[in-house]
Amino acid sequence: MPEQNLPRIALLATGGTIAGAQAQANAAGYKSGALPIGHLVDAVPGLADLAWIQAEQVASIGSQNMSHAVWATLAGRIAELADDETIQGIVVVHGTDTLEETAYFLSLVAHTDKPLVLVGAMRPATALGAEGPANLYNAVALAASDDARGRGALVVMNEDIHYAREAQKIASMGICAFASPNRGRAGVMHGGKPRFYSRNTTRHSLDSEFTLSALQAAGWPRVDVVYAYAGMDGLLIDALAGHAAGIVLAGVGDGNATDAALAALSRVAQAGVAVVRSSRTGGGLVGRGVEIDDNTMRFVAAGELSPQKARILLMLALSVSRDPAAWQRCFEQY
């Protein structure tokens, strides 16, 4: 029987591979989100000795189907749990495909200093060598640690701890599929305890100006991502102009593209669409005005943010301002 003084940790389950089930042993295919959170909790040895678990099933989906509606539900429930004095930390169980996006979104709209940890698995729960139980144990241990307080949303996978802003899925298979390409991992889990190497120096959580209510009031501004490639023209960009409030360029190199694509982006930017240049390379910096005259073209430089995270930040920035200078400030601070 667990001790009465154990920390109480809330688990918010959304499905994903960690809750996946194969039709037969060793099958490559599986159904994401097939198993309820109670099944996952019961499969983790020693979890009852680590914390009191309050588990809730928020969704049962593969994270390729993660939606704004589920994000809103998660953010709303996290706000309630943040106000609950009996809850020490919060764990979101999530599929790996869009885990980094949900983590970054929550780091910007969850206004709490309580530990908030996102976790998943690359192998389904029924697979030989499934790493889900170990990952979930480490996630609960991290959420129960006072050292995780005030660090914003964290991702724990394969004993590595990542800040939400830095975490990136870098491989489609294998358990070593997450990294923090630019600033490095935040720390590691060792013997069920976190060892942090650094602090997140960007704005997040309690220091964030963004709110779920403002985003909802703005109607979740539509932001699309266009991928740069050799021979790219402006057809898709021009087509998006009548629908998107913002466009993120997943550019070659430091956020570049063909002359035709840049001309189309400049046209839509002059018409009022927010345009952000990011890089498709997976790492590095997209600086303002390095190769491209961002001032003249009315572009925003994404800095270190990946295209998928630049989309989230631009969506939130559009919910609070229509000033391009304010959008750029957001990308420099968050």
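The model is predicted, so local features need pLDDT of at least 70 and side-chain atom pairs count only at pLDDT 80 or more, while totals for chains, interfaces and linings use all residues. Residues are numbered from 1 along each chain as its sequence is written, and side-chain values use heavy atoms, with hydrogens and water left out.

The side chains of arginine 165 and glutamate 166 form a salt bridge, 2.8 Å from N to O; the criterion is a side-chain nitrogen of Lys or Arg within 4 Å of a carboxyl oxygen of Asp or Glu. Arginine 165 also forms a salt bridge with glutamate 304, where the closest N and O atoms are 2.8 Å apart. Arginine 165 sits in the loop between strand 6 (160-163) and strand 7 (168-169), and glutamate 304 in the loop between strand 14 (299-301) and helix 9, so this pair ties together parts that are 139 residues apart in sequence. Helices (H or I, at least four residues) and strands (E, at least two) are DSSP runs, numbered from the N terminus.

The relative accessible area of arginine 165 is 9%, whereas glutamate 304, at 23%, counts as partly exposed. Arg165, Glu166, Arg183 and Glu304 are linked in a network of salt bridges. In the whole structure, 15 salt bridges are found. One of these joins aspartate 207 to arginine 203, with the closest N and O atoms 3.4 Å apart. Aspartate 207 is partly exposed at 44% relative accessibility, and arginine 203 is partly exposed at 22%.

A nonpolar core is a set of buried Ala, Val, Leu, Ile, Met, Phe, Trp, Tyr and Cys residues joined through side-chain atoms within 4.5 Å. The largest has 55 residues, of which Phe105, Leu106, Leu313 and Phe331 touch the most other members. Helix 9 (residues 307-318) gives the most to this core, with 8 residues. Leaving aside residues up to four places away in sequence, leucine 313 touches Tyr104, Leu108, Phe210, Leu305, Cys330, Phe331 and Tyr334, contact meaning heavy atoms within 4.5 Å. Another core, of 34 residues, lies apart from the largest one and includes Ala19, Ala143, Ala144 and Ala186.

Helix 2 (residues 68-82) has 15 residues, which at 1.5 Å a residue should span 21 Å, and this agrees with its end C-alpha atoms being 21 Å apart. The expected span is 1.5 Å times one less than the number of residues. Among the buried residues of helix 2 are Val70, Trp71, Leu74 and Ile78.

Note on methods:
Buried < 20%, exposed > 50% of the residue type's maximum accessible area, 1.4 Å probe, protein only.
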